[in-house]
Amino acid sequence: MTPRRGTAVAIALLGAALATAGCGLGPGADVGSVGLTVTREFGAVPVLERSLEAKESDTVMRALEANADVETRFGGGFVHSIDGAAEGERGGDPYDWFFFVDGVESPVGAAEVELQRDERVWWDYRDWSATAHVPAVVGSWPAPFTDGIAGKSRPVVLECDGGGSACATAREALEREGVKLASGSPQGAIRMLVGPWSRLREAPAAQLLEDGPGESGIYANFEAGVRPYSPSRRERTNADRFGLVALDEDGAEARRFGLDAGLVAATSRYGGPPVWLVTGGTAAAVREAAGALDAAHLRDHYAVAIEGGKALPLPAEAR
């Protein structure tokens, strides 16, 4: 890694792989089971999947070093490689290791994150041409709704804005995982927004998506479609229609979906709690998205497009 690349990653990554080298799992009382996942290419290539029994002194870094071949730099303060996959350039694109805890990017380094019961730690090796900052992902479902953030439970709020039956589907998916929904808008809540994009796009967190992956961490966007009007009534006969557009790892357009393709994605605003978006251009698209709220569709994906009941991971492959 060149000094320029190292500085850029260290500043922008917000804890993707900064750590002090550990010496294996430490002493202390039992914490409980913790999941450790290592993948490459935005979760597409599995490398390691383990269930660990953690101790109270264990950190994300110690768990990684105890289960994988880890090389560090800068005096042991930066993860250079895991099982031979090293940070650097591939095909002219920058690659590095990033980690999430219960689907949330950590604001601190791996050596500072103590493991908590039932957490899932996910390391991924990816191209960060479009962004080094992905604040939240959907691939650790049902986290963070079930476990909170950094070992602290958070209220969960389901906000429906024109979602129709999709809202009931989303509610059932959360409650099936044991999530108790809060009423109102409690401070620090993890939010799930359900509804057509024409409505959700007014929400401050959702607006980040239209500014690209560099702002939202989401490799997708929506393109405005037709806007039917009734000339006789001089009013719109149905809502604005938007088509889902998948972006590749460079943030460029990779695929346009039909109007009934849905999106399940997560982001956060100003470092706040995650906000999940369950949306699409039409009512059918929102139903598609809500029906994909399970591990079978979301596991190890940053975000997913849903079309015809099939989940297509995002970012999409360039064509």
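**Terms and the values behind them**

Mentor: Let us begin with T282, which is found in the loop between β18 and α7. Helices (H or I, at least four residues) and strands (E, at least two) are DSSP runs, numbered from the N terminus. The model is predicted, so local features need pLDDT of at least 70 and side-chain atom pairs count only at pLDDT 80 or more, while totals for chains, interfaces and linings use all residues. Residues are numbered from 1 along each chain as its sequence is written, and side-chain values use heavy atoms, with hydrogens and water left out.

Trainee: Why does T282 count as buried?
Mentor: Buried means under 20% relative accessible area, exposed means over 50%, and partly exposed lies in between, with a 1.4 Å probe and protein chains only. T282 has 13% relative accessibility and therefore counts as buried.

Trainee: Which residues does T282 touch, not counting residues up to four places away in sequence?
Mentor: They are R241, L259 and D260. Contact requires heavy atoms within 4.5 Å.

Trainee: Why is β11 described as largely enclosed by the rest of the structure?
Mentor: Four of the five residues of β11 are buried, so that description applies.

Trainee: What makes helix α2 mostly covered?
Mentor: Of the eight residues in α2 (residues 60-67), six are buried. They are V60, M61, A63, L64, E65 and N67. These buried residues pack against β1 (30-40), β2 (45-55), β3 (70-73), β4 (78-82), β7 (93-101) and β9 (120-127).

Trainee: What makes D161 and R199 a salt bridge?
Mentor: The definition asks for a side-chain nitrogen of Lys or Arg within 4 Å of a carboxyl oxygen of Asp or Glu. In this pair the closest N and O atoms are 2.8 Å apart, and D161 and R199 form a salt bridge. The pair links distant parts of the chain, 38 residues apart: D161 is in the loop between β10 (156-160) and α3 (165-176), and R199 is in helix α4 (residues 197-200).

Trainee: Why are D161 and R199 called partly exposed?
Mentor: D161 has 28% relative accessibility and so counts as partly exposed. R199, at 43%, is partly exposed as well.

Trainee: How many salt bridges does the structure hold?
Mentor: There are 10. One of them joins E307 to R255, with the closest N and O atoms 3.4 Å apart. E307 lies in strand β19 (residues 303-307) and R255 in strand β16 (residues 253-256), so this pair ties together parts that are 52 residues apart in sequence. Salt bridges that share partners also join E49, R120, R299 and D300 into one network.

Trainee: Why is α3 called roughly parallel to α7?
Mentor: The axes of α3 and helix α7 (residues 283-290) come within 9 Å and cross at roughly 5 degrees. That angle makes α3 roughly parallel to α7. Axes are lines fitted to C-alpha atoms, for helices over the stretch in contact, and angles run from 0 to 180 degrees between N-to-C directions. Angles under 35 degrees count as roughly parallel, over 145 as roughly antiparallel, 65 to 115 as roughly perpendicular and the rest as oblique.

Trainee: Which residues meet where α3 contacts α7?
Mentor: S165, A166, T169 and A170 in α3 meet V286, R287 and A290 in α7. The residues of this contact divide into four nonpolar, two polar and one charged. Here Ala, Val, Leu, Ile, Met, Phe, Trp, Tyr, Cys and Pro count as nonpolar, Asp, Glu, Lys and Arg as charged, and the others, Gly among them, as polar.

Trainee: What is the strand order of the open sheet?
Mentor: Its six strands are ordered β10-β11-β18-β17-β19-β20, with mixed pairing. β10 and β20 (310-314) stand at the edges because each has a single partner strand, which leaves one side of each without a neighbour in the sheet. From one strand to the next, the twist averages 15 degrees.

Trainee: How do you know that β10 and β11 pair?
Mentor: Two strands pair if DSSP finds at least two bridges between them. Five bridges join β10 to strand β11 (residues 190-194), and the two run parallel. The bridge partner of L158 is M192 in β11, and that of V157 is R191.
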